[in-house]
Amino acid sequence: MRSDQIKTGIEKAPHRALLKSLGLQDDDLAKPLIGVANSYTNIVPGHIHLQTIGNAVKEGILAAGGTPFEFNTIAVCDGIAMGHIGMRYSLPSREIIADSVEIMLQAHSLDGVVLVTNCDKITPGMLMAAARVDIPAIMVTGGPMAAGRHRGKKVSYASMPEATFGQVATGKMTEAELLELEANACPGCGSCSGMFTANTMACMTEALGMSLPYCATSLANSAFKLRLARETGKQIVKLVQNDLKPSKILTKEAFENAVAVDMALGGSTNTTLHLPAIAKEAGVTLPLSTFDAIGRKVPHLCSMIPSGIYALEDLDAAGGVPAVMAEIKSLLNLKCQTVSLKTVKENIKDAVVLDRNVIHSMADPVHKEGGIAILFGNIAPKGSVIKTAGVSEKMQKHTGPAKVYDSESEALAAIKGGKIKAGDVVVIRYEGPRGGPGMPEMLFPTATIAGMGLSESVALITDGRFSGATRGGSIGHVAPEAFEGGPIAVIKNGDVITIDIPNRALNVELSDKELKARLAAWKPRPPKISKGILSRYKPTPTE
């Protein structure tokens, strides 16, 4: 066993002395030593119950003949971090999480690991570590919270920013109604109830084969989730015994499966950041072009909140990720190995779609193409990303004058101040990985536009990124970013911008000569932050 490095032989007596100080006996040390990387914290709604999940995992490990060792990572709630400097720390936290898990696994020479996670950056960070260290690993995601109910309607966290910045500001909702919604939107523990980033990444984890079937959609407060957590603990011991490592699971074909499921679900655009980063750790190249190519083949089948009406609880009741994969099985790599010790084909052979309102058939999709598209053009020579699942038919093609802002706060003030009119294209720049720094999410500007009823007439483009709760004609990840002198840096107020989603184009109507002259005159700006982790955040997020 890998753990023999800290427990076997006369020369390891000092190591054993320390392990026995924990109360362990020789028979405990003779078993596989299993790490339980838990991200419990009582400030993140999606993680407040993970102590209970972690305990169930440890029970499973003990029952299967392993010895568990639990350790913790940090966890950021993107919703609480939203709209202030805290959001700049969210994406960089992914790397800290990956590094911390790697350190614990390597320093203590553990034989395997169970990754206990739930929210946006924690799940990809832990998967990056699993791929990097490459010891037997399995993930259990904590599960979504139940949907909220407000005056007879299903609501979620996404309802809050649209109501706060849009509906109240325009008089469509009173402050008293807002407070009532506030008390009902997030009714308990778990990741926010729509197909936002946390739940999208949970579905990606299951589609990759790194969690057990039905893990992604099972509710946080369900007995099924506890049973699955216990089963996950048992399964890691089997994975160690079979020496099944992430490198055998996280193949190019597995990532293609995950992208296909993402397209069918209409998931968060943040998958275009996280899946390539996980793939890189696994030695797999996953360019943006792969997302676009698969998106043109795989139809969008699930109309999920925020762009649709269904919550994760509805997807779970309709058959979960296995049912979605069964529906698109002709487009999947069915021979891929998974942590169940079965192939994808074996995992989904008995899966059934139980509600066609939630999971449409291939013959009757929500949209004929997948939920994400990659746009290129003279604004984004290296690409940009849009969640087509959240775009109305009216906004598939849009041309309008640019309203340019050099920060999220400036743009939000302008939108709230009534300076944005139907037909405009809001440009928010210097919010990319280096310029932000940290590539913050632009949820509040997009939510304000939607809440004001402008999502079908106003577009927004940015070198920042979006929350999974964003909907409308919102194009993010514009590259190169403004801070690096990308073309978005030289767009001026009034420049005419054309968005053509069917033809994957994003352009400003300027001659090549004019654009080159503006870029030649552009001058770099100093970093906004010069100390702490954000001053050290240099790589692009897919690196």
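Modeller: Two strands are said to pair if DSSP finds at least two bridges between them. The model discussed here is a predicted one.

With that definition, consider strand β1 (residues 33-38) and strand β3 (residues 112-117), which pair in the parallel sense over five bridges. Within this pairing, Asn 38 stands opposite Val 116 in β3. In general, strands of a sheet pair through backbone hydrogen bonds, and the pairing may be parallel or antiparallel.

The pair β1 and β3 belongs to an open sheet of four strands. Their order is β2-β1-β3-β4, and the pairing is parallel. The edges are taken by β2 (67-72) and β4 (137-141). Each of these edge strands has a single partner strand, so one side of each is left without a neighbour in the sheet. On average, neighbouring strands of this sheet are turned by 20 degrees against each other, with direction ignored.

Two helices lie across strands of this sheet. Helix α6 (residues 122-133) lies across β1, β3 and β4 and runs at about 170 degrees to β3. Helix α10 (residues 223-242) also lies across β1, β3 and β4, and its direction is at about 175 degrees to β4.

Strand β9 (residues 397-405) and β10 pair in the parallel sense over four bridges, and Val 404 has Val 427 as its bridge partner in β10. Four bridges also join β10 to strand β11 (residues 459-462), and these two strands run parallel. Here Val 427 stands opposite Ile 461 in β11. Both faces of β10 are covered. Val 425 and Val 427 on one side, and Val 426 and Ile 428 on the other, are all buried.

Side chains supply additional detail. The structure holds one aromatic pair. The ring centres of Phe 165 and Phe 444 are 4.5 Å apart and their planes stand at 40 degrees, so the pair is tilted. Phe 165 lies in helix α7 (residues 159-167), whereas Phe 444 lies in helix α19 (residues 443-451), so the pair ties together parts that are 279 residues apart in sequence. Because the limit for a buried residue is under 20% relative accessible area, Phe 165 counts as buried at 15%. Phe 444 is buried as well, with a relative accessible area of 14%. Another ring, that of Tyr 430, has Arg 525 lying over its face, at 4.0 Å from the ring centre.

Ala 63 lies in helix α3 (residues 50-63) and is exposed, with a relative accessible area of 58%. Ala 63 and Asp 314 are 251 residues apart in sequence, and 33 Å apart in space from C-alpha to C-alpha.

Technical notes. Residues are numbered from 1 along each chain as its sequence is written. This is a predicted model: local features need pLDDT of at least 70, side-chain atom pairs count only at pLDDT 80 or more; totals for chains, interfaces and linings use all residues. Side-chain values use heavy atoms; hydrogens and water are left out. Rings of Phe, Tyr and Trp (its six-membered ring) pair if their centres lie within 6.5 Å; planes under 30 degrees apart count as stacked, over 60 as edge-to-face and the rest as tilted. Buried means under 20% relative accessible area, exposed over 50%, partly exposed in between (1.4 Å probe, protein chains only). A charge sits over a ring if NZ of Lys or CZ of Arg is within 6 Å of the ring centre and within 35 degrees of the ring normal. Axes are lines fitted to C-alpha atoms, for helices over the stretch in contact, and angles run from 0 to 180 degrees between N-to-C directions. Contact means heavy atoms within 4.5 Å.
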